[in-house]
Amino acid sequence: MLQLLVDGLVVGSTVALGAIGLTLTYSLLRFANFGHGELLTIGAYAALAVVGALAGFAAPPIGPFSFGWPLLAALPVAAAATALVALAVDAALFARLRARGAAIVLIIASFGAALALRNLLLFSFGPLPEYYSREIQIAIALVPRSVLGGMRVTPDQAFVLGLALACMAALHLFLSRTVLGKAMRATAMNPDLARVAGIDTAAVIRATWILGATLASVAGVFAGLTGQVRTTLGFELLLPMFAAAILGGVGSVLGAAIGGLVVGLAESLLTPVLGAEYRAASAFLAIIAILLVRPQGLFGKAAR
Amino acid sequence: MSDLAGIASYAAFFLAFAGIFAVVVLGLNLQWGFTGLFNVGVAGFVAIGAYVSAILTTPDHPEQLGGFALPILAGWAGAAVAAGLAGLVVGVAALRLRHDYLAIATFGVAVAIQLVALNAQWIGGGPFGLHFIPKPFESTLGAGLPFNAAYLAQVVAIVALAYAALERLVRSPWGRVLRAIREDEAAAESLGKRVFAFRLQAFVLGSALMGLGGALYAHFVGYIAPEDFLPILTFQLWTMLVVGGAGNNRGAILGAVVVWGVWAMSGGALRAMMPADAQARGAALQVVLIGILLAAMLVLRPRGLLGEETAISRHAAAPAPADERRPG
């Protein structure tokens, strides 16, 4: 029982980072990006490529973790690669559709871009799942087995939780303290007014993609680290991420973070009830329940 | 079988498939092209139709639901009704909200339906799917060309029926309200139109057509499995509508034929070009190709091959300049 909480929080922090990026692009570009999951997958594979390229160096695992410094070095490279892909797709596809004012078509365009990107990865890396490291880890028992089945955490899981919290704190500081962060929030609230106020909205949109892609790449590495690196990694998280973004209220960064943790916990706690094979459906049930009960989400304003 | 008969048999097979797709795309066109409703879970509604019709018409099977051995026509009707009901449930939950919520909700429906099909063995045979779905007239006509040709005739008749009915509908006052809602929801509402009710009707009707298309697929192939209804199917169907021209029923049918042709040909070409051990990767490239086709079409020719007809009121004094109209 307690173990489910830990597992849920680990999945939840991955979902939360993804959902924050999703809610940012959603509120600034005003469309539900069905390709956001693929940004996670690209981040995971970019990190895998870096780890593979650095395999020649002696890199013993750091402390209790399963990975050495190559994975830490891979994180910024993966973030940069993912951001480049996001910017390229935006310039080639989304920006042109935006310029024509066909915002609603963006959803289906993103759906198409997602399938194309996922299959491009499948073509390049093949269908077999991969791992960052094959080291075996010893889980640390936080609560003995006699109390509610006990609670164990692997060092990697602790790393994921810690880095996720650090990312969220850094993002909060960025959005509340920096000029660019404030410009982003202003553009999300009212793009026309922001432009009148002298904000370069095109630069804000680029910053949004970079930020969303960076968080997505970290989330992708998390998913690969606690599971497998495979081409459907991000796609499988898409529904939970949407659920988290809607639950938190679209546009609310704090809401998406909390929503992600809640969705992760709900998925984990519902698994014994629904059965592991229906795990993916629990996010869908959550979405329908939220839409029926509180469509504006926990922290959102009433639907426009 | 002689070469000529083989080619004729393949042509009938190809066109029957295109026709089955056309039925589904006509349903999607009613939802998106005319009403502006975003359904990203088309594959889910197709799957409901396929499974319901299969369960209704297959002979008795001890370990599974169904075995009602009903006539095939009853299966088709049941498929349309079941998919329509599913559309009703989703529509009531999501149609009052912003359009992107409908997209997310329908996407979730498709994922959930696929999971049920994959895991609930007692309903749909799990990963093994359902077999021995009766093929109309196969036993009297014989497999191959006669069956393919006869099925093609049935599919063409259904496409023609659906086309005629939809054309009447969208040109009726009801259809005008749908387009009014699509163009400006607030204006339509201020004229006293019950926006939610109209949307729900269009969504349910479109879903029913998708279910019918699924049933047509099941009885043509004779075998269905969960992997027939992955999101890639939704994507292919959307590409068909975008390429053909959203808001134009002839465009929907043309898009089904063209994109299915591109899909089949590119598959053949990639199989010929790729070495045997890279065939699975070649199939991935095929999806990339269709993705690029969709993106290029959206950017370069958003109206599709056959765009929507520009409708001008016959009460207008002088013909206004034709403005670029787009679903939205």
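How many residues of chain A are in contact with how many residues of chain B? In this predicted model, local features need pLDDT of at least 70 and side-chain atom pairs count only at pLDDT 80 or more, while totals for chains, interfaces and linings use all residues. Residues are numbered from 1 along each chain as its sequence is written, and chains are lettered from A and ligands numbered from 1 in the order in which they are written.

**View 1. The side of chain A that touches chain B.** Here 37 residues of chain A meet 35 residues of chain B. Contact means C-beta atoms, placed from the backbone, within 7 Å. Two or more residues each come from α3 (69–99), α4 (105–125), α9 (233–248) and α11 (279–293) of chain A. Helices are DSSP runs of H or I, at least four residues, numbered from the N terminus. α4(A) gives the largest share, 13 residues. By class, this side of chain A has 31 nonpolar, three polar and three charged residues. Nonpolar covers Ala, Val, Leu, Ile, Met, Phe, Trp, Tyr, Cys and Pro; charged covers Asp, Glu, Lys and Arg; the others, Gly among them, are polar.

**View 2. A:Arg30 in a loop of chain A.** The loop runs between α1 (2–29) and α2 (36–53). Phi of A:Arg30 is positive, near 60 degrees, in a residue other than glycine. A:Arg30 counts as partly exposed because it has 16 C-beta neighbours inside 10 Å. The cut-offs are 20 or more other C-beta atoms within 10 Å for buried, 12 or fewer for exposed, and partly exposed in between, with C-beta atoms placed from the backbone.

**View 3. B:Gly307 after α13 of chain B.** B:Gly307 lies in the segment that follows α13 (279–300). Not counting residues up to four places away in sequence, B:Gly307 touches B:Gly245 and B:Asn248. B:Val242 is 65 residues from B:Gly307 in sequence, yet 9.6 Å away in space, C-alpha to C-alpha. With 18 other C-beta atoms within 10 Å, B:Gly307 is partly exposed.

Key: Two residues are in contact if their C-beta atoms, placed from the backbone, lie within 7 Å.
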